[in-house]
Amino acid sequence: MKAVKRHQEIIELVKTQGYVSTEDLVEKFDVSPQTIRRDLNELADANKIKRNHGGATIVTSSENSSYQTRKVSNQGEKERIAAKLVEHIPNGATLFIDIGTTPEAISKALLVNHSNLRIVTNNINAAAILMVKQDFKVILAGGEVRSRDGGVTGEATMDFISQFRLDFGILGISGIDFDGSLLDFDYHEVRVKKSIIENSRCVLLGVDHSKFGRNAMVKLGGIEEVDLVITDETPPEEICTALKENEIQLEIA
């Protein structure tokens, strides 16, 4: 494959996934690591991508990929993460489910073998998935509905969530920086996520490998905010160190 065509495909992968690793690109294009590193450096010099340790991210940190793009991106990985995460949810539990395509995959996984769950969510798509199970009680948080992805946010959402104290909070996130910072694109969404964390006894984070090192402009907090991280690949060394330092459990689906 010519370098120009490879560059175009790398740019599309970064736009779709938010983050790509050098290792994944070497495997995909069947070229040497040196070739991929040269490609990434050239694209970064042209301001087409942002180069970082072990891969590349999107240039902008102010806008997420579209919902439809995120829904189909890394779908198999999200399903494996979801299947692993729901093993930690006992029947009869109470839980929050956050905005995002990974929390929606987790919602589908809960339908398979779980019963008598009580679920509070600010995700209309998750509520629609979960409502088909007759022994699930689904409570939809009030607030402003985002037409782009069915997320519900705002002051009313935070006030609603603060009324509850539930067993589990299931979070999605747009990026995890190499220092362990949890990042997202929407300030209002981050405030709701914080409310979920504050009102959950145990916080579970499902995140696929494309989110490691991904750039986003709003900081939710640090990795110490969660109790368990479930992902599909071993995170970069810096993130693994942050997990160990904060005694956060890590599982690979």
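View 1. Aspartate 30 follows α2 and has a positive phi, near 55 degrees. Most residues other than glycine have a negative phi, and most peptide bonds are trans. Helices (H or I, at least four residues) and strands (E, at least two) are DSSP runs, numbered from the N terminus. A word on the model itself: it is predicted, so local features need pLDDT of at least 70 and side-chain atom pairs count only at pLDDT 80 or more, while totals for chains, interfaces and linings use all residues. Residues are numbered from 1 along each chain as its sequence is written, and side-chain values use heavy atoms, leaving out hydrogens and water.

View 2. Thr22, Leu25 and Phe29 are the buried residues of α2. They span an arc of only 60 degrees around the axis, so they sit on the same side of α2. Buried means under 20% relative accessible area, exposed means over 50%, and partly exposed is in between, with a 1.4 Å probe and protein chains only. What do the buried residues of α2 pack against? Their partners are α1, β1, α3 (33-45), β2 and β3.

**View 3. Lysine 28 over a ring.** Lysine 28 lies over the face of phenylalanine 29, at 5.7 Å from the ring centre. To count as sitting over a ring, a charge needs NZ of Lys or CZ of Arg within 6 Å of the ring centre and within 35 degrees of the ring normal.

**View 4. The three-stranded sheet.** This open sheet has three strands in the order β1-β3-β2, with antiparallel pairing. Its edge strands, β1 (19-21) and β2 (50-52), each pair on one side only. From one strand to the next, the twist averages 25 degrees. Strands count as paired if DSSP finds at least two bridges between them; β1 and strand β3 (residues 55-57) have three bridges, in the antiparallel sense. Serine 21, for one, has glycine 55 in β3 as its bridge partner.

**View 5. Two helices on the three-stranded sheet.** Helix α1 (residues 3-17) packs on this sheet and touches β1 and β3, its direction making about 125 degrees with that of β1. Helix α2 (residues 22-29) packs on it too, touching β1, β2 and β3, and its direction makes about 70 degrees with that of β1. Axes here are lines fitted to C-alpha atoms, for helices over the stretch in contact, and angles run from 0 to 180 degrees between N-to-C directions. Contact means heavy atoms within 4.5 Å.

**View 6. The seven-stranded sheet.** Here the strands pair in parallel, in an open sheet of seven with the order β6-β5-β4-β9-β12-β14-β15. β6 (137-140) and β15 (249-252) are at the edges with a single partner strand each, so one side of each has no neighbour in the sheet. The average twist from one strand to the next is 20 degrees. Strand β5 (residues 118-121) pairs with β6 over four bridges, in the parallel sense, and threonine 121 stands opposite leucine 140 in β6. Helix α6 (residues 101-113) packs on the sheet against β4 (94-97), β9 (166-171) and β12, with its direction at about 145 degrees to that of β4.

View 7. Asparagine 116 lies in the loop between α6 and β5, and its phi is near 55 degrees, a positive value in a residue other than glycine. Its relative accessibility is 40%, so asparagine 116 counts as partly exposed. Glutamate 247, in the loop between α10 (237-245) and β15, has a positive phi of about 55 degrees although it is not a glycine. Is glutamate 247 buried or exposed? At 74% relative accessibility, glutamate 247 is exposed.

**View 8. A pair of aromatic rings.** The structure holds one aromatic pair. Phenylalanine 160 and phenylalanine 164 have ring centres 5.4 Å apart and planes at 50 degrees, which makes the pair tilted. (Rings of Phe, Tyr and Trp, the last by its six-membered ring, pair if their centres lie within 6.5 Å; planes under 30 degrees apart are stacked, over 60 edge-to-face, and the rest tilted.) Phenylalanine 160 is partly exposed, at 21% relative accessible area, and phenylalanine 164 is partly exposed at 21% as well.

**View 9. Asparagine 199 and its surroundings.** Asparagine 199 sits in the loop between α9 (187-198) and β12 (200-206). With a relative accessible area of 12%, asparagine 199 is buried. Beyond its neighbours within four places in sequence, asparagine 199 is in contact with Phe96, Ile161, Ser162, Phe164, Arg165 and Leu166. Asparagine 199 and leucine 95 are 104 residues apart along the chain, yet their C-alpha atoms are separated by 9.9 Å.

Technical notes
The arc is that of the directions from the helix axis to the C-beta atoms.
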